[in-house]
Each structure stands twice: as C-alpha cells, then as structure tokens.
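Subject: Structure handover

Hello,

Here is the structure for you to look over. My notes follow below it.

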Amino acid sequence: MLLTDVFSAEAVTIRQTSDPSNREAFLGTQFFPVRRTMGVELKWLKTHKGLGIALKPSALDSMATIRTRGGFQAVTEQMPLFRESMQISEKDLAEIQRIQQSNDPYLDEVLRHIYDDADELIRGAQISAERMRMALLAPQGGTPIIKLGMVDNTQYNYNYDEDGTWKSTNYLELTTTDCWDAPTTATPLNDIQTGVDYLSSVGVVPTYIVMNSTTLNLLTQCEQVQKMFAARQYGINTGYLDKNTVKSIIAGATGLTVLEYNKQYKDYDGTSYKYYPDGYVSIVGSDVLGYTWAGVTPEERTLLGDPKVDVSVMDNGIAIAVQTTYGPPVQHSTTASMIALPSFEGMDSIYVIKVTDD
C-alpha cells in the first residue's frame, strides 16, 4: 500500500471542511470575511464616509458644480507569505507499506498522526490570519498595526494609521479611577455611550461591543452596573452580577450586543496569547470593517497541475502541497502556504476603548 493511496492534498482539505471541530468560524471573519485576489499586492481605498453633505443649489441652465470626492487614500501593500512544512518519517512510510489490509486498526493510528500534522499546519495559517484581524479589531495602544516580525532580514509591519488620525477620533484610553478595575469610581456605561455617540455622529449604526471574559468580569463587580440592575429590579441590591445579566444591562442601556471572545493561540515560541486582549472593548457598526484578502501562493500559481506535486487549495486560499522526494532518504513533505492581509475600509466604523491601566 502506497501513501498516496490513503493520503492526498485533496483529502486534507476535505477533512478540514467536514470536521465538526473546524466549523466554528473565527470571530474575525465576521468583520473581515475572506475574499480571493489573484495577485500578491493588496490595494484598497482608505476613506472617511462620515455624514452626508447637502447638495448645493444651482441656477437653471447653468453648469453643474463639480463636487470633489471626500478625502481618500489608495493604500497598496505587498501581502506577506506564510508557509511551513512537516515531514512524514520513513518509519511511518514503512508501516503503511507493511500493512496490507486497509481495515487494519494500526493503519488508522498511523494515518491519524499524518493527518494531524497537516491539520496543525492549516490551523497555523488560520491562526496567522486571525491574529492580523484582531490587531485591527483591538489595536493595542490605539494604533491599528500588524506586526509580523523579522523574516529574511525584512521587518513586516503594516501600519493602517500612520498619521494618527484614526487614533485621535476613534480611540479612548481610560486612566486611574476611570478604569473599569476601579469598581467604585468607574462609569463603564458612560464610556460605552461615548463610543456609541461618536459612531452615531458620523453616520455609523453601533451594533456590537467586543470584549473577552476578563474584561466582562470587571463589569460584574462595577457599582454603576450593579446600581443599574438594582434600579431595574425595584431597588434590589446585589454585590455581584453574572455575565449574562451584565450583557442584558449593556444591551438595554446602549443597544449593543456583547460579543465575548475568549479563543487563544500559541505564538512561534510556544507562548499562549488571547486573540482579543484583556482590558479593551471595541464598539462596531453592523457593516464589515474590511476583507481578509487571500492571494495566490507560489504553490497554487506554479505547482497546481504539476504531476510531481499534489496540490489542493481551500476556499480561504490556503494551499496544501504534498510531495515525495525519492532521496535517499525518501522524504514525504506536506506544506501549507497562505498569502493574506486584511484591508480596513471600514476603520471609521469602529471605536476602541482601553479600559484598564495595564
């Protein structure tokens, strides 16, 4: 039995699509849905939509006044390439050759190990895309910037607000007794309303507020929120509220739906991080904020259709390449690659608040 009889790039993509554990979408795809592009450069228009401008009056039989378009900037960036491979050992290849019956239970264990390697690479690509989206949804420090680090002596950073214009209007940083971890003095409902009012003033309909459970738990202990609950419950006081009650209070007071996002990932060095950081909330309009643009990887562009390499491309643009090199030693490698970068056309439709000092 050959490895190619039981393992292929197409089988990997089908497994990823049909596995129930992979059906839960990342939160970032709600605000930055995936779209494909044929190139490796991303170009999008950075505009300020804001409020509508009244039409100027004009005399009959006169030429129409030419209206200049509102300020916009064409942003062009070269999208980063993400790519890693994993090798299938000669021992695994020998075990597959040894097994003659496809229903041998040991074969299932060998194949599970091989497919898990491929799944790990695909998850890694999905994690990289979600990290980029979260860097825009919750810009730490108030600057929407994607930092990918150093690769081949090149620093890959993408700053979406180089002149600080967005930060000056769409970001609020609380300090000292205003912070939400100061339960007796904080006024979180007022802070949230500030963001709601600002977005409404520029023509955006505020719909969601995103935070993780650590930040949401701060609200369960906040006196202002507890007093709001007591007022609604005819003077019944409580020293603690559960998270669902807090969500309903926020919805009733501000009209926003709370999206609690607690997923985590591991960085290249094995350190665990939260996709959405502690101490931040993002108030978002109902429209998408941008798109996760997926380009054409070298594997898709040059190897798709090559009989020497088995290549399959997923809907999200991740390419899987399976190749055997007849050494010696015989090497069977699985490679996952992705070219991706989010655009941020709707950056004026989000208001971010840093609610703690740390």
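Strands here are DSSP runs of E with at least two residues, numbered from the N terminus. Leucine 42 belongs to one of them, strand S2, which covers residues 41–47. Please keep in mind that this is a predicted model.

Leucine 42 first. Its relative accessible area is 4%, which is under the 20% cut-off, so leucine 42 is buried. Alanine 294 lies 252 residues away from leucine 42 in sequence. In space, the two C-alpha atoms are 9.3 Å apart.

Next, the nonpolar cores. The largest has 47 residues. Which of them touch the most other members? They are Phe31, Leu137 and Ile146. Helix H4 (105–137) and the strands S5 (145–151), S12 (280–285), S15 (319–326), S16 (330–342) and S17 (350–354) each supply at least two residues of this core. H4 gives the most, with nine residues.

Phenylalanine 31 deserves a click. Leaving out residues up to four places away in sequence, phenylalanine 31 touches Leu137, Tyr208, Val210, Leu259, Val284, Val288, Leu289 and Gly290.

Now helix H9, residues 243–254. Buried in H9 are Thr245, Val246, Ile249, Ile250 and Thr254. These residues cover an arc of only 140° around the axis, so they sit on the same side of H9. The face of H9 turned away from the buried side carries exposed Asn244 and Gly252.

What do the buried residues of H9 pack against? The partners are helices H6 (188–201), H7 (213–220) and H8 (223–232), plus strands S8 (206–211) and S9 (257–260).

Both ends of H9 have a detail to check. At the start, a side-chain oxygen of aspartate 242 comes to within 3.0 Å of the backbone nitrogen of asparagine 244. Just after H9, glycine 255 has a positive phi of about 80°.

H8 can be read in a similar way. Val225, Gln226, Phe229 and Ala230 are buried in H8. Their arc around the axis is only 140°, which puts them on the same side of H8. Lys227 and Ala231 are exposed on the other side. The buried residues of H8 pack against H6, H7 and H9.

Then glutamate 299, in helix H10 (residues 298–303). A polar contact of 2.8 Å joins its side chain to that of arginine 83. Beyond residues up to four places away in sequence, glutamate 299 touches Arg83, Leu304, Val311, Ala319, Ala321, Thr335 and Ser337.

Last, the cysteines. Cysteine 179 counts as buried, at 1% relative accessibility. Cysteine 222 is buried too, with a relative accessible area of 1%. With a cut-off of 2.5 Å between cysteine sulfur atoms, the disulfide count comes to zero.

Best wishes

Terms used: Residues are numbered from 1 along each chain as its sequence is written. This is a predicted model: local features need pLDDT of at least 70, side-chain atom pairs count only at pLDDT 80 or more; totals for chains, interfaces and linings use all residues. Side-chain values use heavy atoms; hydrogens and water are left out. Buried means under 20% relative accessible area, exposed over 50%, partly exposed in between (1.4 Å probe, protein chains only). Helices (H or I, at least four residues) and strands (E, at least two) are DSSP runs, numbered from the N terminus. The arc is that of the directions from the helix axis to the C-beta atoms. Contact means heavy atoms within 4.5 Å. A polar contact is a pair of N or O atoms within 3.5 Å; within protein, one must be able to donate a hydrogen and the other to accept it, and residues adjacent in sequence count only if both atoms are side-chain atoms. A nonpolar core is a set of buried Ala, Val, Leu, Ile, Met, Phe, Trp, Tyr and Cys residues joined through side-chain atoms within 4.5 Å.
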